[in-house]
Amino acid sequence: MEIKLIKELMDKLWQKYEYASVLASDSVGKGYGVSGRGINAAENSMLCECGYVIKAYDGRSYCEYSFNETDAETLEAVPEILDGLFAAKERLAGTIEGCEVNGYGALPDNGEGLSYEKKYGDDPEECSDEEIINRLRSVRDKVMAMDERLLDCDAAVSYQKYNKYFLSPNRELSQNTLWMAGWVNVMAKKGEAVKTCFESFSNPGGTAIFDKMDGIAAETVRKTLDLLESETITPGEYDCICTPEVTGMIVHEAFGHGVEMDMFVKDRALAKEYIGEYVASPLVTMHDGAAAADEVATYGFDDEGMSAKDTVIIDKGILKTGICDAQTSLALGCGFTGNGRRESFERKAYTRMTNTFFEHGKDKLEDMIASIGHGYLLENAISGMEDPKNWGIQCMVNIAREIRDGKFTGKIYSPVVLSGYVPDLLKSISMMSDRTELCGSGFCGKGYKEWVKVSDGGPYIKARVKLG
């Protein structure tokens, strides 16, 4: 990144605008996979970028311009381009009925400096492609030797290393971060029935993740073979125990999206009307924040230069606040939470989740299982859909293990859909295990786009859940 040239450009902009800042991003990312279909080792275009975002404020509103060249012609054109953007905004407001330029206050620029960097001794860039592929091939070979009913095993990992630099009139920030994630997906067949099961894992670091992969493969095979005997569940409402990854799906999909406060501005989230009210059991305390946990969505500052926070969203059942990007914070007059994130330097910053989870409780898992008269242990989260406007929930899990009189019966049901009204589910939580677990193997989209890395999780929870 050409920081010297960027600083020279910013000096010019600071003379012209009340506020101006730049975010410089430089990242590399790669993915690897081994399966019966072949071997893959390639750069992931979504994880690789190098570019700049300029944000300027004229005392009333903000404009942004992004670019990825630092030649003299490009940099000299930036002030003129920003002037054109501000002028175009005014023209549109004057020519389109009902269109107006919203006024915003100035962003805080308090002179804090930050350098966020973690030292990792297991940098995947120091490994050859062959070394990583051989580790994945070893996992797959071990899996395929475990049972003749296995059709295939897909073992995969990906990583991203990124450097970000933020500069405003009174702040200079930098951070370097590395994460690595992966999964093992197993397929088995019995007669005409074909079943699959996957386990995922992640860590804010590098190749130490292979130790997690080695330890999880045999368990994935066991679950896949169990699924060959699965049945269709009888729809109804049951006492259920959710494993941490299912808890995380509920936290993220059922509630997390509903407290992204840019949805408050647009009146698209029911949570806006319930601040200060009970929305969950008093056992429930929910966090989000890049500083709330050490996982794949941990960073020092967001893509608008705001420091990472640990935001308590629900405190002992009471909805306290949501999370926000900088523009949302200015619009609502609420505090900055450090949740302004971009898919890339070419994209707008939106309010996005980071590390989102429930705090643990005090219960032992064995006591939670023993408390179930008739219900299920839900595990292996597959997918979920959010409905912030109405607080509906629809999530799918791969495995429901039947429990009767506090003991597993051995019967398994699959697939299973969780549904219902979010506060009803959260208020029904009656037990929470004594350890929180997070995972960040996937990405989160804003609707169907704007993908960013997130983690979610929590403890085992006992709740009343509608299954079908």
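Analyst: Let's start with a strand: β6 gives the most to the lining of the largest cavity, with four residues. Strands here are DSSP runs (E, at least two residues), numbered from the N terminus. A cavity is a set of points, on a 1 Å grid over the protein atoms alone, where a 1.4 Å probe fits but cannot get out; lining residues have an atom within 4 Å of a point.

Please keep in mind that this is a predicted model, where local features need pLDDT of at least 70 and side-chain atom pairs count only at pLDDT 80 or more, while totals for chains, interfaces and linings use all residues. Residues are numbered from 1 along each chain as its sequence is written, and side-chain values use heavy atoms, without hydrogens and water.

The largest cavity holds about 300 Å³, a volume being the space filled by probe spheres set on grid points joined across faces, edges and corners. Its lining has 26 residues, and Q160, Y162, K164, R341 and R342 lie nearest the centre. Besides β6 (150-168), the strands β1 (19-35), β7 (171-190), β13 (340-341) and β23 each supply at least two lining residues. Eleven of the lining residues are nonpolar, six polar and nine charged. Nonpolar covers Ala, Val, Leu, Ile, Met, Phe, Trp, Tyr, Cys and Pro, charged covers Asp, Glu, Lys and Arg, and the others, Gly among them, are polar.

The count comes to two cavities of 30 Å³ or more.

Notes
On a 1 Å grid over the protein atoms alone, a cavity is a set of points where a 1.4 Å probe fits but cannot get out, and a pocket is an open set with protein on both sides within 12 Å along at least five of seven lines; lining residues have an atom within 4 Å of a point.
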